[in-house]
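Reader: I would like to learn how to read a model of this kind, feature by feature. Could you take me through it slowly, with the general idea ahead of each case?

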Amino acid sequence: MLLLVLLVSAGAAKAEAQMEYYGRLGAVGTGILLRDVIVEEITVRPSIAPMLALGASLPIGPRGYRVGLEGALASAKFHSSEDGTDTDLGTLRTGTLLLNLEGPLHRSFRWRVGLGGLKYWPSDKDGIFRQGAPVRLLAGAGLDYRRPVLSKWDLLTSLRYDFHRFTTEELKDRGFSQTQGVSRVSLSVGLSRSIR
Amino acid sequence: MNRYARWTIAGLIVAAAACGDIATPIRIDFYEWRLIVPSTTGPGNDSLTFHWPRSRLPVRIWVEDAANLPANVPSAIAAWRTAYLYDEFDAAVVSDSSTADVIVRAGAAPGIQFSRVRLPSAMATECEGATDLDISDDHTELRLPVRMYIDPRSDPAAPGLAACLALTTTHEMGHVLGIWSHSAVATDIMFAEETVTAPSERDLETAEVIYHVPANIQIVDRDGGEVPLE
């Protein structure tokens with residue numbers, strides 16, 4: 001955000017004119033957060049979560065590249081599964097902040113890659129989150145498709161993938177070592193102020 | 001290195017970072033929790049293992065307002081809850097004793113004729129406890145309620161009584177959640193003559209494992225309704 005503020009303040013009116021804003025609504029699916037074995041295998045994963053993302057970007061250079069910040073919130077139930085039985089473990093919210101680099105790909109398609117952080121907010125400070133919820137480093141990539149709908153607005157369809165490595169203080173205290181690779185995929189649609 | 005090779009290498013690095021699982025601890029530091037009783041079908045022993053089914057959680061506990069039980073019982077529940085990562089066990093204090101799954105009273109346990117199985121009392125100096133289980137003759141059913149007794153057998157002003165009541169309540173709560181035997185290690189709160197004030201890692205690991213092995217005792221409600229085994 002600081003970078004974006006600096007860029008805007010440096011370029012003032014010109015930068016503001018070139019700034020793209022967007023908002024997206026969609027759903028995010030998350031892979032397994034935790035794989036444990038007590039007697040049978042136990043897995044923990046969130047359900048598919050509705051998500052809201054807001055972002056902004058500025059051009060860098062003449063070849064269509066842009067740099068931007070994007071924040072997203074998602075909220076879903078999460079559950080453990082053991083021997084075919086699911087147990088509701090409450091609600092798990094996530095917030096992500098990504099610094100993105102994006103560029104043109106083909107016609108209305110654009111690519112993007114990003115680095116940032118992901119914060120977990122469980123509804124209950126209990127179980128695997130008994131000692132709190134972590135902030136994890138997040139890396140992501142995605143594909144955007146834009147279709148003009150109004151003079152200054154595009155319909156934005158986004159397919160995103162990101163991953164991070166998951167653990168918590170409670171898990172570390174219990175003797176879990178290393179971390180779990182967690183992949184997330186989201187599909188969303190939204191409106192973007194035109195960058196044409 | 002050409003462009004495709006660079007992208008391939010980058011892709012492989014990303015894939016390697018994204019893959020890989022957390023390494024699970026091996027739970028081997030637990031003790032015998034089952035109740036070993038003479039078999040009803042012939043020579044030898046029967047081993048009874050029990051945990052509260054998820055459909056009955058939170059376990060409803062009625063607590064008498066005496067012997068510091070209203071404070072000690074929630075503390076005991078919280079102490080045992082730390083064993084669980086996946087909401088395997090929970091309990092809540094309720095106001096209506098007629099619908100409770102567990103009745104906790106202050107005072108000495110009544111005669112043994114009341115119940116078929118009494119888990120041996122904790123024998124701290126200033127107080128003692130007992131947990132009574134009404135188990136059917138064929139060892140297949142646990143009739144509710146489970147009854148727990150905490151007896152402050154010394155002078156109410158005796159030094160150490162408050163600590164004794166607290167640790168004995170935690171010990172008996174261990175029986176309530178399914179540890180139906182005593183530990184042979186003095187540093188465990190489920191040791192018969194417990195002295196420690198909180199569940200040890202062995203206690204917690206035992207409590208955790210119990211909820212991941214099949215029970216062979218089925219709950220029967222006060223109205224005779226059976227709660228299926230998991």
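Author: Let us begin with burial: a residue is called buried if 20 or more other C-beta atoms lie within 10 Å of its own, exposed if 12 or fewer do, and partly exposed in between, with the C-beta atoms placed from the backbone. Helices (H or I, at least four residues) and strands (E, at least two) are DSSP runs, numbered from the N terminus. This is a predicted model, in which local features need pLDDT of at least 70 and side-chain atom pairs count only at pLDDT 80 or more, whereas totals for chains, interfaces and linings use all residues. Residues are numbered from 1 along each chain as its sequence is written, and chains are lettered from A and ligands numbered from 1 in the order in which they are written.

Reader: Why is helix α4 of chain B described as largely enclosed by the rest of the structure?

Author: In helix α4 of chain B, residues 201-210, eight of the ten residues are buried, so the helix is largely enclosed by the rest of the structure. Among these buried residues are B:L204, B:A207, B:V209 and B:I210, and they also include the charged B:D203, B:E205 and B:E208. What covers the buried residues of α4(B) includes α2 (69-81) and α3 (161-177) of chain B.

Reader: How many residues of chain B are in contact with chain A?

Author: Two residues are in contact if their C-beta atoms, placed from the backbone, lie within 7 Å. On that criterion, 19 residues of chain B are in contact with 25 residues of chain A. The side of chain B that touches chain A has ten nonpolar, four polar and five charged residues, where Ala, Val, Leu, Ile, Met, Phe, Trp, Tyr, Cys and Pro count as nonpolar, Asp, Glu, Lys and Arg as charged, and the others, Gly among them, as polar.

Reader: How should I read strand pairing, and which strands of chain A does β8 pair with?

Author: Two strands pair if DSSP finds at least two bridges between them. In chain A, β7 (residues 109-122) and β8 (residues 135-148) are antiparallel over eleven bridges, and A:V113 has A:A141 in β8(A) as its bridge partner. Strand β8(A) also pairs with β9 (residues 153-166) in the antiparallel sense, over ten bridges, with A:R146 opposite A:L156, and these two strands form a hairpin with four residues between them.

Reader: What joins β6(A) to β5(A) and to β7(A)?

Author: Strands β5(A) and β6(A) run antiparallel and are joined by 16 bridges, one of which pairs A:V67 with A:L101. Strand β6(A) pairs with β7(A), again in the antiparallel sense, over 14 bridges, and there A:R93 stands opposite A:W121. The hairpin of β6(A) and β7(A) has two residues between the strands, and in it A:R107 takes a positive phi near 50 degrees.

Reader: Where else does a positive phi occur, and is A:D83 buried or exposed?

Author: A:D83 is not a glycine, yet has a positive phi of about 50 degrees; it lies in the loop between β5 (66-82) and β6 (85-106) of chain A and is exposed, with 11 other C-beta atoms within 10 Å. B:N68, likewise not a glycine, has a positive phi of about 60 degrees, sits in the loop between β3 and α2 of chain B, and is partly exposed, with 17 other C-beta atoms within 10 Å.

Reader: Which peptide bonds of chain B are cis?

Author: The bond from B:L57 to B:P58 is cis, with omega near -5 degrees, and B:P58 lies in the loop between β2 (45-48) and β3 (59-63) of chain B. A cis peptide bond also joins B:L144 and B:P145, with omega about 5 degrees, and B:P145 is placed in strand β8 (residues 141-151) of chain B.
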